[in-house]
Amino acid sequence: MKIRVLAVCLFLTMPFAAVLSAEDADSSSLAEQAREAASSYTPATPARLQQARQQARKSLAALSSRLAREGENGAAWRRYALLDRLEAQLAGDSPEVQVFRDVIDRLSRSHAGLESPLYRGLRTDLLRYAGALESIADSAEQEYQTRMTELAELLTAAETDADHEQRRRIGEQLAWLEDHQQASHVVAAVRRRYGRPNFLLTVSQRVLDGFSEPFSSDEPFQETILNTPTFGQGLIKGVVRMKFAPSDEGAAIDIHLQAEGDADTVSVKGPVRVYSTGRLNLTGRKRILFTPEGLDVSRSTAVANNEGRPTGVATTLRGLAHRIVCRIAWRQISKSTGEAEAEANMKAERRIREKFDAEAAKELDELSALYLENVRLPLLRRRQFPARIEVRTTAERMLLELSQADRDQLAAPLPPPALTGASDFAVRLHESTVNNLAVKLLGGETLSVNELLAEIDDLLGEQTETDSPSTDQDEEIEITFDQHAPITLRLDDSVVSLTIRGTRYVANRRPYPAMNITIRYKVEMTPQGARATLVEDPEILPPRLAAEKGRLSLTELAVRRILKNRLERDLDREMNASGFEIPSDAFDLGELPIEQLAADDGWIVFSARVAPKPQADDAAQ
C-alpha cells in the first residue's frame with residue numbers, strides 16, 4: 001500500500017463547502033481599516049439584547065416541542081444538550097454566559113442527529129445572544145481593541161505571505177467580531193479579499209460522451225388497443241447516454257435513451273385473431289439535477305414510433321363464415337391502422353417510461369444515499385457543509401466552485417490559475433481547502449496509519465494488493481493529530497509539501513512524544529506525462545525544533561526511527577503517469593492524457609483531455 005500525497009489531498013477535499021464573494025477589497029489596506037476601527041467599539045443595545053434573547057427562546061421552544069414528541073429519546077437529548085439549565089437562564093434576569101457556552105459546545109459536536117436544523121438554529125441564536133451579552137461586559141472594549149490591534153498586525157503580515165498559523169488567527173478574530181457584531185465593514189472587506197473559491201472542478205461534455213450503458217426489454221405485454229385485447233412479445237435494445245443541459249440552479253444532466261426493436265402481437269376480439277409484426281423506435285429522456293441538497297430526479301419522457309404491419313387474420317369459424325369475417329376484418333384493419341398505431345405508440349411510451357424510471361431508480365437512489373450519508377450529513381454534523389454551493393452547467397461543460405472555509409477560516413486570496421491547452425477534466429485546488437478541512441475533521445483526533453490509508457483507498461475505489469501480514473514491530477502506528485494544524489499543505493514553486501503534526505504517537509502500545517513529518521514532492525510535466533519526485537528524505541522533527549538543530553531525546557530518536565522506517569516502505573520516490581482512467585466500466589474513454597500539472601502560489605492544477613479515437617476504430621464502426 002503506497003502513500004499518495006495527491007490522494008491524501010483529494011480525500012480531504014471530497015466534501016463540499018460555500019462559495020463566497022470574490023469582489024476586491026477596499027482600495028485602502030485591510031490592516032489600516034482594522035486600525036481605524038479599533039476606536040469604534042459599539043456594545044449591544046438593550047433592544048438588541050432583547051431581540052437576541054427572544055430569538056433564542058423561540059428556537060429553544062421549537063426544539064423542546066420536537067423532543068417532547070420523541071419520548072425517552074427526546075428526554076435523553078434534553079439532558080445531553082442541558083436544555084433545562086438553558087431554559088432557566090433564558091427566563092432569568094441575570095443570565096450566565098458560561099451556561100450558553102456549555103450548551104453551544106455540546107451542540108457543536110459531531111454526534112448523529114445534531115445536523116438537524118432545529119439544533120443548528122438554536123446554536124446559531126445562542127452564539128448571537130452570548131456575543132451580545134459579552135459585548136456589555138466591563139472588559140469587552142479592551143478585549144476588542146486588543147483583538148483589532150492583533151488583526152491589523154496579522155493582515156499586514158498576510159499582504160506578503162501568510163502561513164497557516166497566521167491565517168488561522170485571522171479567521172478566529174473574524175469569528176469573534178461576527179459573534180459580537182463589531183467592525184462589520186472590516187470583516188466584510190477581509191472576507192472579500194480571502195473568500196475566493198478554493199476548489200474548482202470542470203468536466204466537459206466530451207467526458208460524458210464516453211458514457212454508454214446498454215438498455216434492453218423483452219417482457220411480454222398486454223394492452224387494449226381500440227377496445228381490443230392485444231398481446232405481444234418482442235425484444236427492444238438500445239443505449240443510454242448522458243448530456244449536460246444548461247442550468248444555473250445546479251448540475252443538470254439529461255439521460256438519453258435510444259432504442260429499437262421488433263415485436264409480434266396478436267389482437268383478439270370475439271372469434272377473430274389479427275396477427276401483426278412491428279418495428280418500434282423509441283427515444284426517452286430523464287433529467288437529473290444535482291444541488292447541495294441532493295439529487296432531484298424528474299420523471300422520464302418518451303416518444304415511440306411503431307410501424308406495424310398485419311401479417312394474418314384467423315378465426316374460430318369455418319367455411320363461408322370464416323371467409324366473410326376475414327374480409328370484414330381486413331377492411332376494418334385498413335381503416336383503423338392509423339388510429340391503432342397512435343394508441344399503440346401512446347401505450348408503448350407509457351411502458352418505456354415505467355421501465356426507464358424503474359431501471360434508473362435503483363442506481364440513482366444508491367447515488368443519492370451515498371452523497372447524503374457520506375458527504376452531506378457528516379459535514380452538517382461537523383458544521384462543514386456550507387449554506388451555498390455554486391454548481392452550473394452549459395451544453396458543453398459543468399463547473400463546480402467551492403470555498404471550503406468555516407466562519408473562523410479563510411479561503412483563497414487569489415483567483416485560480418488559468419487552464420492551459422485542451423482540458424476536458426480539470427481540478428484546481430488551493431492549499432486552504434485541505435488545511436481548513438483537516439482542522440475540522442482531524443484536529444485532536446486519534447487515527448491509526450493503516451485506518452487512514454484504508455479509508456483513502458475505499459474512497460478512491462482502489463483495489464490495493466497487500467503483501468502478507470508484516471511482522472514489523474512498528475507496523476501499527478497511531479497518531480493523535482494536533483488540534484489547530486493536524487495536516488498542512490503548502491503549494492509553491494512546483495513543490496507539494498505536506499506536514500503531518502502529531503502531538504502523540506503510539507507504536508506497539510507504547511506512547512511516544514510529539515513529532516512533525518514533512519514530505520515534499522516536486523511536480524512537473526515531462527514529454528511522457530506527469531511526474532512527482534520526492535525532493536529529499538522526509539523531515540521528521542519534534543515541534544520544538546524548527547530545523548535539523550539541537551539534540552533529540554532517546555524517545556524522540558526512537559519514534560523518529562519508527563516513522564522513518566514506515567515512510568521508507570510506503571513512500572514512492574518517483575511517481576509517473578501519462579494519464580488516468582475514470583473508474584467506471586460505463587465510460588469507454590480509455591486513458592485520458594494528462595495535459596497540465598503545476599503547483600504554485602498556493603494552487604495545484606491538474607487537467608486531462610479526452611484522446612481522439614484512432615482512425616482504425618472509426619473505420620471499423
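Predicted model: local features only at pLDDT ≥ 70, side-chain atom pairs only at ≥ 80, totals over all residues.

Q: What is the strand order in the open sheet of seven strands?
A: The order is 9-10-1-11-23-22-21, and the pairing is antiparallel.

Q: Which strands stand at the edges?
A: Strand 9 (390–393) and strand 21 (579–580) do. Each has a single partner strand, so one side of each has no neighbour in the sheet.

Q: How many bridges join strand 1 and strand 10?
A: Two strands count as paired with at least two bridges between them. Strand 1 (residues 199–204) and strand 10 (residues 397–402) pair over six bridges, in the antiparallel sense. Within this pair, Val 203 has Met 398 of strand 10 as its bridge partner.

Q: Which strands does helix 13 touch?
A: Helix 13 (residues 431–442) packs on the sheet and touches strand 1 and strand 11 (425–430). The directions of helix 13 and strand 11 make an angle of about 60°.

Q: Is Leu 320 buried or exposed?
A: Exposed means over 50% relative accessible area. Leu 320 has 51%, so it is exposed. Leu 320 lies in helix 12 (residues 319–381). Together with Ile 324 and Ile 328, Leu 320 makes a nonpolar surface patch of about 250 Å².

Q: Is Gln 166 buried or exposed?
A: Buried means under 20%. Gln 166 has a relative accessible area of 18%, so it is buried. Gln 166 is in helix 9 (residues 164–179).

Q: Which residues are in contact with Gln 166, leaving aside neighbours within four places in sequence?
A: They are Leu 154, Ala 157 and Asp 161.

Notes:
Residues numbered from 1 in each chain as written. Heavy atoms only, no water. Helix = DSSP H or I, 4+ residues; strand = E, 2+ residues; numbered from the N terminus. Contact = heavy atoms within 4.5 Å. Axes fitted to C-alpha atoms, helices over the stretch in contact; angles between N-to-C directions. Patch = residues over 30% accessible without salt bridge, like charges linked within 9 Å, V, L, I, M, F, W, Y side chains within 5 Å. Areas by Shrake-Rupley, 256 points an atom, 1.4 Å probe, with all protein chains shown as cover. Salt bridge = Lys/Arg side-chain N within 4 Å of Asp/Glu carboxyl O. Buried < 20%, exposed > 50% of the residue type's maximum accessible area, 1.4 Å probe, protein only.
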